[in-house]
Amino acid sequence: MACVLLLVTAVVAAALAYAWRRPSGEVQQGHDLAVYGPQSSGVIGFNEVNVGTTYRFAFPVPRNKSHQVVKLVGAAIQTTPPGVQVVGYPMYSLQEVGNYLLNYDDSVTETRTPLLDKKDYSPDGITIAPRSDSDYFVMVAVKVVGPVTEVLSGCTFDYTVGSRKYHQSFPCEFQLGDSR
């Protein structure tokens, strides 16, 4: 009888442990990041845009609030309106670029800068030290393919802490043309 009671206790304990902790392969709602930057509390963008041109917008800068290393592995815009095609989500080193670029028009040749020809860290992801601001920033590159009547909105970061995967979203808005 003692063996049966011990076995039942072990099964119940294992079930409770599983219920309290999801398997590491599942993506969980994150809470380890905070963000700052003007795009997290207002709209940045371009008043005039041309079909066929690629525009870039910086996501708010992520800050690791936790006591563990966070590895940023992806980013995405939550709402992409008609007339806009996402080209990619490059991650750049602030040290290499030398500046945090809020937005960028790829077609402006007289101010074209080689800054965004630097290494894109998005294939490997980047780490953010505990209790620190990121030394990298994420941009979304979008191509205007038609009339744009709404803003792009919602900045989402995908990251890992150890073997656990997280997804965390923040407010942000990017304007292309007369979309307001």
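### Exercises: a disulfide and a sheet

Cys-172 counts as buried, at 4% relative accessibility (buried is under 20% relative accessible area, exposed over 50% and partly exposed in between, with a 1.4 Å probe and protein chains only). The model is predicted, so local features need pLDDT of at least 70 and side-chain atom pairs count only at pLDDT 80 or more, while totals for chains, interfaces and linings use all residues. Residues are numbered from 1 along each chain as its sequence is written, and side-chain values use heavy atoms, leaving out hydrogens and water.

**Exercise 1.** Find which residue Cys-172 is joined to by a disulfide, and describe the link.

*Step 1.* Apply the rule: a disulfide is a pair of cysteine sulfur atoms within 2.5 Å. The count comes to 1 disulfide.

*Step 2.* The partner is Cys-155, with an S to S distance of 2.0 Å. The link of Cys-155 and Cys-172 is right-handed, with 100 degrees about the S-S bond.

*Step 3.* Strands (E, at least two residues) are DSSP runs, numbered from the N terminus.

*Step 4.* Cys-155 is buried too, its relative accessible area being 0%.

**Exercise 2.** Work out the strand order of the open sheet that holds β5.

*Step 1.* Two strands pair if DSSP finds at least two bridges between them. Here, 4 bridges join β2 to β5 (residues 61-64). Leu-33, for example, has Asn-64 in β5 as its bridge partner.

*Step 2.* The order of the 3 strands is β2-β5-β11, with antiparallel pairing. Strands β2 (33-36) and β11 (132-133) are the edges, each pairing on one side only.
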